[in-house]
Amino acid sequence: MYQGYPDQCSQCGLRTTNDEKGRETMKSHLDWHFRRNVRSQNERGHRATPRGWYTSQEMWEAAAVDDDVAMGDSQNAGQGKDESNIEELRKMTIVVPVGHTEPCGICREPFERRFNEDEEDWEYVNAVDVDGTIFHATCQAKRASPVVLLPSPAGSS
């Protein structure tokens, strides 16, 4: 079936012939893969980081709390966090502990690091330390906010 197309791209499976034209096509195709991978690495900071297929129990529990809070906030729109409070949370910083490389304990996203010229030390932005575990300040605020449960729909048990 593939006798006329023996060369195969190891990344996507594209097949080409084993002559000069096929090698040229494969070369330009691999260059395209390289350019696409470099571009995606440069844009990675602007996108969500994939978290894998299986999640831990802590992540499931944190997601359940976030869902409950979001549903409660949608019902009580006037009682939620205002924009200035969220901006204050995003400005919170802590000094990066020596050897710390763990992501946020709630959302599993990495922390933004910056160098503080005044303190001459690296710090995490939008971070808080709660009992030795580092979280994003915004994630911790969502988790710590009171959960408002919605009433069950009429007729359901």
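Strands E6 and E7 run antiparallel and are joined by 4 bridges; strands, like helices, are DSSP runs numbered from the N terminus (H or I, at least four residues, for helices; E, at least two, for strands), and two strands pair if DSSP finds at least two bridges between them. The model is predicted, with local features needing pLDDT of at least 70 and side-chain atom pairs counting only at pLDDT 80 or more, while totals for chains, interfaces and linings use all residues. Residues are numbered from 1 along each chain as its sequence is written, and side-chain values use heavy atoms, with hydrogens and water left out.

**Hairpin**
- E6 and E7 form a hairpin with 2 residues between them, and Asp 131 in the turn has a positive phi of about 55 degrees.
- Val 128 has Phe 135 as its bridge partner in E7.

**Thr 16**
- Thr 16, in strand E2 (residues 15-16), counts as buried because its relative accessibility is 5%, where buried means under 20% relative accessible area, exposed over 50% and partly exposed in between (1.4 Å probe, protein chains only).
- Leaving out residues up to four places away in sequence, Thr 16 touches Tyr 5, Pro 6, Asp 7, Gly 22, Thr 25 and Met 26, contact meaning heavy atoms within 4.5 Å.
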